[in-house]
Amino acid sequence: MSEDDMTDQTSILRLPLTPYFHPTTVVFIDDNESFLTSLDLELPLGWAYRCFTDPLEAFEFLQQPPSIKPLIERCFSVEHSDRLAPTVHLNLGTIEQEVNHVERFERISVVIVDYAMPTLNGLDFCAKMSDPYVRKALLTGVADEKVAVEAFNAGIIHKFIQKNTVLAVNNLLKFVGDLQVEYFHQYLAQLNATLALHPPGFLLNPAVQEHVLGVMRELHIVEYYLVNDPPGFLLGRADGSMFRLIVTDDASLAGDQRTLEQHEAPPAIRRKLARREGVPYFTESPEDYLGHEPYPWHDNFVPAARVANTEWYVGVMEDPPLDIDFDPGRSSYDAYLANL
């Protein structure tokens, strides 16, 4: 995928940061085949989408159950007790494991459907859809605007777009991008509410969020997942390249300094940490290291920068060691697009 195509994906990475984000699939439905053909030629190569001229075929496709449950339903577990109320646990490890499931990209986030179709008009199509999270937009003619406004006010659709303006593809891309962001934000409301009880501190700081988002755009990241130990995100490019973004603060780095001194880390590493020129990333703690060679301190030290006017530091490690069996050839976004 070219950098231009990746930019089309990174443009929908927006604040506030959600606990995870990945590309999804958009569905276009219009019985006018020439319109869809023209649209197909103009949409970016980096987009995952399906086009249907038959609304009944499209409806059958959209009603198929997902091959795996949504991540939001898999990252929670409930512990029952005879004496206490059930306790809900959030497993961040499940979020990180999501990169192994190529099915994540199959999620339909947005449906764009034409209003004037003979077998099933777009309004009835949207009203019959069963997934409450999919964002729906109606393509209308000028004469249909009143119907579209009423459908919007009734909550049947989330946006309507006059078809004569769709010829400006940039407008359509913006509409779809907005709806994809809405999809994730409302879909993850439960997860955000749980994290709000004990949130990672950096998620509460707007400057840190803006800085992290800037790093993601600079690296052409298309998906990210909240991780812990150390706190931060697992980042992925479309080709499956992985990065580990670490976010830490002065208090945590002071503890790391004591660890380095206790285990007699090289003086150069200790000096860099004291000057806050980097952050340690202990894939294996010095206490548990059983290797015959000296502990790889330099391999576990990541250059970092302080977020302006905060106590937070952000470092990025390329191609980090992963506790997951990730295969870019099967589970990356580019692999999904190739199969699509």
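Predicted model: local features only at pLDDT ≥ 70, side-chain atom pairs only at ≥ 80, totals over all residues.
In strand β14, V314 is the bridge partner of A305.

**Strands β12 to β14**

Strands β13 and β14, the latter spanning residues 312-318, run antiparallel and are joined by three bridges. Five residues lie between the two strands of this hairpin, and N309 takes a positive phi near 65° there. Strand β13 (residues 301-306) is also joined to strand β12 (residues 278-280), again by three bridges and in an antiparallel arrangement. In that pairing, P280 stands opposite F301 of β13.

**Salt bridges**

The count of salt bridges comes to seven. Among them are the pairs in the table.

| Pair | Closest N and O atoms |
|---|---|
| R74 and E98 | 2.9 Å |
| R104 and E223 | 2.9 Å |
| D178 and K174 | 2.9 Å |

R74 forms a salt bridge with E98. This pair links distant parts of the chain: R74 belongs to helix α4 (residues 71-74), while E98 sits in the loop between α5 (92-97) and β6 (108-114), 24 residues apart. R74 counts as partly exposed because its relative accessible area is 23%, which falls between the limits of 20% and 50%. E98 has a relative accessible area of 3% and is therefore buried.

The salt bridge between R104 and E223 also connects separate parts of the chain. R104 is in the loop between α5 and β6, and E223 is in strand β9 (residues 223-227), so this pair ties together parts that lie 119 residues apart in sequence. Both R104 and E223 are buried.

What separates D178 and K174 along helix α8? The two residues are four positions apart in this helix (residues 169-187), and therefore about one helical turn separates them. K174, at 52% relative accessibility, counts as exposed, because the cut-off for exposed is over 50%.

How values were computed: Residues numbered from 1 in each chain as written. Heavy atoms only, no water. Pairing = 2+ DSSP bridges. Salt bridge = Lys/Arg side-chain N within 4 Å of Asp/Glu carboxyl O. Buried < 20%, exposed > 50% of the residue type's maximum accessible area, 1.4 Å probe, protein only.
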